[in-house]
Amino acid sequence: MEEKVRIFDTTLRDGEQSPGATMNVEEKIQIALQLEKLGVDAIEAGFPIASEGDFEAVVRIAERIRDSQVVALARCEKEDIDRALEALRPARRKCLHLFLSTSDIHLRYQLQMERGEILRKATEMVIYAKKHIEEVEFSPMDASRTDPAFLMEVLQAAIQAGATVVNIPDTVGYATPDEFEDLIRRIRHEVPDISKVILSVHCHDDLGLAVANSLAAVRAGARQVECTVNGIGERAGNASLEEVVMALRTRRDHFKVDTRIRTELLYPTSRMVSRITGLPVQPNKAVVGANAFSHESGIHQDGVLKKKITYEIMTPDSVGRSQSSIVLGKHSGRHALRQRLRQLGYELTEEDLRRVFERFKALGDRKKEIFDEDLEAIVEDEILRVSEKYKLLYLNVNSGSVTVPTATVKLEINGKEHMDAGFGNGPVDATFATIRKITKARVKLKRFSINAITGGSDAQGEVTVRLEANGHEVIGQGTHPDIIMASAKAYVNALNRLEYRKRYPIQVKGEM
Ligand code: MN
């Protein structure tokens, strides 16, 4: 049988380190459930010591996920390890992920530690962790810029101490494919006990090489790839899960390995992550971008019409982009709605379904055809934004060529109603100014964009705002047939995300 490469998803940990991509616990659970359906081998659910929110998310995911392994990140510190183990307690399959810098650059300028201390610390902490958990992954941070001889020494020490996975991170996205392939081969030859463990890689995309480096590593014998949906993550992001998976699947002839991923769920998963994080997918993105399967040139179109294989190396169906998505209307029933939501990856309780159904019917009165994008927006609005501080209750705006744009806003703040009115240089500005007046929020609007989420002039408007406060940046989204309403909802959503960050401040920052 063909060998399998493990897919280790870190969308919820490294992916969340994308600027602005804060997710609340409910959102993380939805993504985790979808990743499990997708068939990922491991889900890195968070970095429990980093914040209370991360801790809670790992606990809740550990309670829900049965098939995939749940992973929690920790520095080589006892308090980190204890916290991570506590969060992982409910998990059926679990793994603790330890990391420690090994490059001279990090040792000298960041840690002020000697190599000997690093070696000792790594060994001690793996041994400590192994007393409490079977599976331990060890990552020498900045491995690609580490002296290879020292890297081999650290890896062997970690394996002897009990690590079951060793992961080679190209933390700063510096490696090139041929170099990285050589490094992995060298590790396989020079680390005596390497065959006893899973050899993993974790690549960053600073030079656009994360996927290429990951695939080169697989060629050299790596059997786990760490990646994120849509390639989101710290800075330029991580290796993109869908690209790694489809490269291995489409070119099995070349790589001679495969993954356990149900590729027909790649597209719905990509959409869900994009919606929840507010990070759009570029149209020309491989596999999941809007244009990934559109043929524009006449010669290509001609070829594809005659025989698809002329210019199509994989089918849209194989990645879950069915040509004819079912369109629901106001007369569609609950059953059809539930079915479609399932296909989009959302598992709802009866009560949640009832709420979504009500909103769906209301939207059906304003809009003839209801598309997937509409449903996703409703679910996000009704279900994923739970127990929030601010709720928009009422908005009335006057604007036009002769009036001063004026907004009247009623908000619920922690259950109490507040109302006020204000002016601005336009209806959106007036709305935002009034919301700021009521909430006394000191925030800076960094970006504002508006899109029609589907075709048709009755389409819902989708507004994305980026707000900054005290060094935190968050993305808020709002969807509504009325674009001023959508703007207000996006603004309130962003304020709630800032609140979430305030409630769960990040105590420890760790990147790997
Ligand atoms: Mn990383």
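Predicted model: local features only at pLDDT ≥ 70, side-chain atom pairs only at ≥ 80, totals over all residues.

Trainee: What makes it a cavity and not a pocket?

Mentor: A cavity is a set of points where a 1.4 Å probe fits but cannot get out, whereas a pocket is an open set. The search of the whole structure finds one cavity of 30 Å³ or more. The largest cavity has a volume of about 40 Å³.

Trainee: How do you know which residues line the largest cavity?

Mentor: Lining residues have an atom within 4 Å of a point. For the largest cavity, that gives Arg338, Leu341, Arg342, Tyr346, Glu347, Leu348 and Leu353.

Trainee: Why does the lining count as four nonpolar and three charged?

Mentor: Leu and Tyr count as nonpolar, and Glu and Arg as charged. The lining therefore divides into four nonpolar, no polar and three charged residues.

Trainee: On to the sheet with the order S14-S15-S16. Why are S14 and S15 called paired?

Mentor: Two strands pair if there are at least two bridges between them. Eight bridges join S14 to strand S15 (residues 461-469), so they qualify, and they run antiparallel. In one of these bridges, Ala452 has Gly461 in S15 as its partner.

Trainee: And what makes S14 and S16 edge strands?

Mentor: Strand S14 (444-452) and strand S16 (472-480) each pair on one side only. They belong to an open sheet of three strands with antiparallel pairing, and its twist averages 15 degrees from one strand to the next.

Key
Residues numbered from 1 in each chain as written. Heavy atoms only, no water. 1 Å grid on protein atoms, 1.4 Å probe; cavity = no way out; pocket = protein on both sides within 12 Å on 5 of 7 lines; lining within 4 Å. Points joined across faces, edges and corners; volume = space filled by probe spheres on them. Helix = DSSP H or I, 4+ residues; strand = E, 2+ residues; numbered from the N terminus. Axes fitted to C-alpha atoms, helices over the stretch in contact; angles between N-to-C directions.
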